[in-house]
Amino acid sequence: MAIKFTVAIFLLFLMQCQNDDMPYDDTPVDDTSLVGEWLLTASYVSPGGVTEWKDVEEGYRYFFDEFGTYERTDFNKSLLDSGDYEIKDKDLYLYFITEGEKDTLGYSADFNESKTRLTLSPSYPGICIEACLYRFEKQ
């Protein structure tokens, strides 16, 4: 009986915990709002401890169109890679060709409320052990 009570209290405690200082946005990504040009402006990458958002100068750009294709360019808009994209639930998947082989990158993706800021965090094939988030501003 004491174990059930302890487990119940522990679960109640977990349900009440929340962190209002989370570094990411929480509006789900959608196809319509993703269309356009996005510039990398900040990164939040933890080397194994506490970190904070850092400004990125001359970040790379993503261009997403309404037909499910994308381009990634450097700051000066020179093409780095291109391919197709897909949104599944809250994840953004990029499909492209690397050395003749089809490759995929997945990101957990969220907007801010006004959908002018996009936050990406790698989710496939590898995930970050510590925090790694990348913030893009709609241009």
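I began with what a strand pair is: two strands pair if DSSP finds at least two bridges between them. I keep in mind that this is a predicted model.

**Strands.** I looked up strand β2, residues 36-45, and found that seven bridges join it to β10, residues 132-138, with the two strands running antiparallel. Within this pairing, I noted that Leu 39 has Glu 137 in β10 as its bridge partner. I then turned to β9, residues 117-124, which also runs antiparallel to β10 and is joined to β10 by four bridges. Here I found Leu 118 standing opposite Phe 136 of β10.

**Rings.** Searching the whole structure gave me nine aromatic pairs. I also looked for charges over rings, and saw Arg 61 over the face of Phe 75, 4.9 Å from the ring centre, and the charged end of Lys 88 over the ring of Tyr 93, at 5.3 Å from its centre.

**Backbone.** Before this step I reminded myself that most residues other than glycine have a negative phi, and that most peptide bonds are trans. I found a cis peptide bond between Tyr 124 and Pro 125, with omega about 0°, and placed Pro 125 in the loop between β9 and β10.

Which phi does Glu 99 have? I read a positive value near 50°, and located Glu 99 in the loop between β7 (91-98) and β8 (101-111). Glu 99 counts as exposed because its relative accessibility is 80%, and the cut-off for exposed is over 50%. Lys 115, in the loop between β8 and β9, likewise has a positive phi, of about 60°, but at 28% relative accessibility Lys 115 counts as partly exposed.

Key:
Residues numbered from 1 in each chain as written. Predicted model: local features only at pLDDT ≥ 70, side-chain atom pairs only at ≥ 80, totals over all residues. Heavy atoms only, no water. Phe/Tyr/Trp six-rings, centres within 6.5 Å; stacked < 30°, edge-to-face > 60°. Lys NZ or Arg CZ within 6 Å of the ring centre and 35° of its normal. Buried < 20%, exposed > 50% of the residue type's maximum accessible area, 1.4 Å probe, protein only.
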